[in-house]
Amino acid sequence: MAEQLNREGIAVTLDSLGESVDDVAHAEASAGIYHRLLEEIEARKLKANVSVKLTQMGMDIRGNGPELAEGIVGRMVEHAAGFGCFVRIDMEGSEYTEATIAMTERLHARWPGAVGTVLQAYLFRTAEDVERLLGQGIRIRLCKGAYKESAEIAYPLKSDVDANYVRLMKRVASSGVFCGIATHDEAIVEQMKRFVAETGLDKGAFEFQMLYGIRRDLQRELVAAGFGVRVYVPFGTEWYPYFMRRLAERPANVLFLAKNFFKS
């Protein structure tokens with residue numbers, strides 16, 4: 001699949017599904033999958049990287065979970081850095097935001113350019129986090145946010161989330177730090193295309209990122225227009241608990257997928 005997408009001019013991020021691991025053996029086994037992925041990416045010379053959740057790497061294990069997760073992910077980043085690959089530390093709910101950013105900063109200091117993270121435009125804090133990470137040259141994947149959050153810390157209205165996303169999108173794309181614009185929203189994609197045309201921004205300064213199977217038509221159009229596109233390819237046996245948690249958090253996510261899956 002990754003090879004076929006590469007032949008179509010689309011880069012790939014591979015994501016072994018899993019989260020909320022509660023024992024060390026499971027965390028280490030999950031990490032082993034990623035190390036094999038990194039080896040295959042190198043062996044096959046794929047235009048690909050990997051994305052990992054900290055709770056899948058033992059972040060929530062009682063006692064030393066954060067230290068365990070950082071050690072596991074650190075070895076992964078070191079492995080990726082050895083042949084110029086990249087690890088994206090995915091963002092989870094707001095209770096993990098600061099810990100995820102701080103861990104990314106520490107790992108980036110050890111292996112510059114080999115690790116980045118995700119910021120969610122619906123959180124009030126994200127504008128400051130953007131500046132914090134860009135100031136260190138850390139690559140950001142900007143998304144709207146998929147978890148249900150309190151109105152005390154996140155924009156409750158879609159219109160406000162969209163407006164903040166567009167502001168931050170323009171900032172990260174023109175920052176000089178290569179970042180990912182993660183959206184399937186065609187109106188926002190069009191705003192980004194206009195921004196590029198109006199400012200003369202190099203199309204190679206950023207990439208659009210989408211999910212595998214969602215808006216394949218739009219993905220092909222963007223590639224044909226000279227934009228970078230990366231597709232997230234999740235796989236594994238733990239899709240059902242992942243899906244049910246996303247549904248419980250935000251039922252609108254499923255409606256979105258249903259509306260967009262068949263636009264091919």
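In this predicted model, Phe227 counts as buried, because its relative accessibility is 7% and the cut-off for a buried residue is under 20%. Phe227 belongs to a cluster in which ring pairs link it with Phe206 and Phe208. The points below begin with that cluster, and then turn to charged ends over rings and to a pair of packed helices.

**Aromatic rings**

- When the whole structure is searched, four aromatic pairs are found.
- One of these pairs joins Phe206 and Phe227, whose ring centres are 6.1 Å apart and whose planes stand at 45°, so this pair is described as tilted.
- Phe206 is part of strand S7 (residues 206–211), while Phe227 is found in the loop between helix H8 (216–224) and strand S8 (229–235), so the pair ties together parts that are 21 residues apart in sequence.
- Phe206 itself counts as buried, because its relative accessibility is 1%.
- The rings of Phe208 and Phe227 also form a pair, with centres 5.5 Å apart and planes at 70°, and because an angle over 60 degrees counts as edge-to-face, this pair is given that name.
- Since Phe208 lies in strand S7 and Phe227 in the loop between H8 and S8, this second contact ties together parts that are 19 residues apart in sequence.
- Phe208 is buried too, with a relative accessible area of 0%.

**Charged ends over rings**

- The charged end of Arg139 is placed over the ring of Phe86, at 3.8 Å from the centre of that ring.
- In the case of Arg141, the charged end sits over the ring of Tyr232, and here the distance to the ring centre is 4.0 Å.

**Two packed helices**

- Two packed helices are described by the angle between their axes together with the distance between those axes.
- Helix H6 (residues 158–173) packs with helix H7 (residues 186–199) at an angle of about 35°, and their axes are 11 Å apart.
- The crossing that H6 makes with H7 is right-handed.
- On the H6 side the contact involves Asp162, Tyr165, Val166, Met169, Lys170 and Ala173, and these meet Ile188, Gln191, Met192 and Phe195 on the H7 side.
- Sorted by kind, the residues of this contact between H6 and H7 comprise seven nonpolar, one polar and two charged.

Key:
Residues are numbered from 1 along each chain as its sequence is written. This is a predicted model: local features need pLDDT of at least 70, side-chain atom pairs count only at pLDDT 80 or more; totals for chains, interfaces and linings use all residues. Side-chain values use heavy atoms; hydrogens and water are left out. Axes are lines fitted to C-alpha atoms, for helices over the stretch in contact, and angles run from 0 to 180 degrees between N-to-C directions. Helices (H or I, at least four residues) and strands (E, at least two) are DSSP runs, numbered from the N terminus. A crossing is left-handed if the near helix is turned anticlockwise from the far one by less than a right angle, and right-handed if clockwise. Contact means heavy atoms within 4.5 Å. Ala, Val, Leu, Ile, Met, Phe, Trp, Tyr, Cys and Pro count as nonpolar, Asp, Glu, Lys and Arg as charged, and the others, Gly among them, as polar. Rings of Phe, Tyr and Trp (its six-membered ring) pair if their centres lie within 6.5 Å; planes under 30 degrees apart count as stacked, over 60 as edge-to-face and the rest as tilted. Buried means under 20% relative accessible area, exposed over 50%, partly exposed in between (1.4 Å probe, protein chains only). A charge sits over a ring if NZ of Lys or CZ of Arg is within 6 Å of the ring centre and within 35 degrees of the ring normal.
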